[in-house]
Amino acid sequence: KGGIRTLLLDQRAELGGCAAAGEIMAGFTAPILSHATGPVRRDVVEELQLNAHGLAFSDSAIHMSTLSPDGRPLVIYEDAQKTAEGLRGWSARDAARWQEFQVTLRRIGALIGSLFITTPPSVDSPSARDVFSMMHLLRDFRSMPKADQWRLLRWGPMAVADLVSESIDTEQLRATVAADGIFGAMLGPWSAGSGLQLLLSYANRALEWPAGRLITGGPAALASSLGAAATRFGVEIRTGSQVSRIDAKDDRAIGVTIDGGEQIEARAVISGVDPKRTFLTLCDAEYLPPEFLWRMKHYRSRGTLAKVNLALSALPSFTGATREMLGSRVRLAPDLDYLERAFDHAKYGRFSDAPWIEFTIPSIGDPSLAPPGAHVLSAYAQFAPYALRDGNWESSRDALGDTVVKTLMQYAPDLGSLVVDRHTLSPLDLERGWGLTGGHIFHGELSLDQFFTMRPLLGFGQYRTPLKGLFLCGSGSHPGTGMTGGSGMNAAREVLRSF
């Protein structure tokens with residue numbers, strides 16, 4: 001839109017990367033990796049006019065639900081008051097405090113979200129724009145209630161288990177909320193700093209558009225609308241074109257070489273892959289400072305999330321779950337200790353034999369994904385480490401899939417008999433198939449020392465890199481909180497300024 005001729009190269013045959021859908025088997029299509037967006041930012045939708053390029057939203061009263069071993073479902077609605085009413089059957093104290101807790105989280109999330117829409121300030125030589133932005137942030141911080149100011153300063157560095165326990169008594173509700181603090185991370189609920197990731201999820205919700213609504217067709221539909229918008233604005237898109245090297249000359253990126261040897265010259269190269277892959281695999285070391293390379297090698301990106309997709313002959317009977325719940329996101333996390341025990345396995349190089357799971361059955365909302373009467377189930381499972389202590393993923397992948405199905409069957413005993421086919425992805429598969437170094441879905445840990453001005457590294461939080469003409473625009477750059485479009489939007493603004 002800024003008038004710069006742009007070429008998009010995608011290594012996979014279909015556009016969308018982690019957002020793309022694919023076949024489990026003939027007739028059964030599922031979101032292969034992501035079954036939910038970040039959520040997508042409102043400024044991305046508006047700036048790219050995605051509504052005019054096929055993006056549609058549907059109402060969903062349910063934000064999240066969780067199933068318990070005794071069959072009682074716990075539902076978190078988009079409406080905090082409705083959630084509070086439902087919590088009365090669990091805890092009168094939780095019902096009374098829920099709305100206030102949500103108001104606080106959303107207020108803090110809105111403040112952090114104001115950082116998401118700006119480029120982090122320069123550490124070495126802040127500009128007048130940087131100073132103005134920080135003054136604006138300080139003003140917003142000081143306008144918050146004193147209690148929330150202290151909560152923001154305390155909650156970010158603390159364990160998410162402690163954070164939720166301050167306001168919630170019901171163990172199942174604690175675990176359901178705390179799971180956002182450890183999703184995709186090498187962190188357990190009792191790990192210091194896991195509170196930050198929970199706050200980041202609320203920052204994303206403060207920027208979503210429209211609030212409380214889901215993208216019809218899921219992440220694949222978002223990728224499709226982005227592709228249509230890009231084409232409309234003049235982007236040339238080439239799929240099946242894997243970049244093998246970022247070419248450089250005189251300490252400046254001058255283009256890329258793709259598999260097969262074709263060289264493409266460019267005034268700028270904008271990398272949407274993770275920082276480690278960008279600098280340690282695609283760039284020649286001679287063009288990067290030794291200290292930068294040393295620091296990048298220690299950038300943490302240890303994946304822990306596995307993905308299991310199931311083709312089912314019929315809809316499973318999950319005890320206590322309604323059809324509306326199953327069409328949304330459902331978590332199996334009975335208490336905080338359950339989450340911590342699952343994390344314990346990953347710490348010692350093993351996948352959990354009792355993983356915490358988030359699943360959805362997208363074919364409820366979109367019957368075209370499966371034959372009549374049949375369904376597909378998409379499940380995230382943690383914890384599964386990138387590197388196994390004993391054996392390897394080639395010999396352990398099926399065992400992981402069996403464990404996930406077995407865990408799901410504790411809540412839906414008939415599930416096993418309905419499985420027609422299964423597709424299991426380990427963190428190693430995420431690296432091999434989608435270029436996610438270490439299998440980390442966020443392109444690197446979302447921790448205090450890898451956030452804002454320090455994402456990916458201190459001094460390189462402004463999308464520019466030590467190699468002139470090379471920019472980062474993926475989740476490994478600020479804010480880097482998943483499939484929101486935010487990192488790309490911010491990076492595009494900086495690329496235009498550089499031109």
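1. Helices (H or I, at least four residues) and strands (E, at least two) are DSSP runs, numbered from the N terminus. The model is predicted, so local features need pLDDT of at least 70 and side-chain atom pairs count only at pLDDT 80 or more, while totals for chains, interfaces and linings use all residues. Residues are numbered from 1 along each chain as its sequence is written, and side-chain values use heavy atoms, with hydrogens and water left out.

2. Pro39 sits in the loop between strand S3 (28–31) and helix H1 (42–47). The peptide bond from Gly38 to Pro39 is cis, with omega near 5°.

3. Asp250 is not a glycine, yet has a positive phi of about 55°. Its place is the loop between strand S9 (243–249) and strand S10 (252–258). For background, most residues other than glycine have a negative phi, and most peptide bonds are trans.

4. Helix H3 has 25 residues and reaches 36 Å from its first C-alpha to its last, close to the 36 Å expected at 1.5 Å a residue (the expected span is 1.5 Å times one less than the number of residues). H3 bends by about 40° at Trp98, the bend being the angle between axes fitted to the seven residues ending there and the seven starting there.

5. The axes of H2 (residues 80–87) and H3 (residues 92–116) come within 8 Å and cross at roughly 160°. Axes are lines fitted to C-alpha atoms, for helices over the stretch in contact, and angles run from 0 to 180 degrees between N-to-C directions. H2 and H3 are therefore roughly antiparallel (over 145 degrees; under 35 is roughly parallel, 65 to 115 roughly perpendicular and the rest oblique). Contact (heavy atoms within 4.5 Å) involves Ala80, Gln81, Thr83, Ala84 and Leu87 of H2, and Asp94, Ala95, Trp98, Gln99 and Gln102 of H3. By class, this contact has 5 nonpolar, 4 polar and 1 charged residues. Ala, Val, Leu, Ile, Met, Phe, Trp, Tyr, Cys and Pro count as nonpolar, Asp, Glu, Lys and Arg as charged, and the others, Gly among them, as polar.

6. H3 also packs with H8, at an angle of about 75° and with axes 7 Å apart. These two helices are therefore roughly perpendicular to each other. Among the contact residues are Gln102, Leu105 and Arg106 of H3 and Leu199, Leu200 and Tyr202 of H8. The contact of H3 with H8 divides into 11 nonpolar, 4 polar and 2 charged residues.
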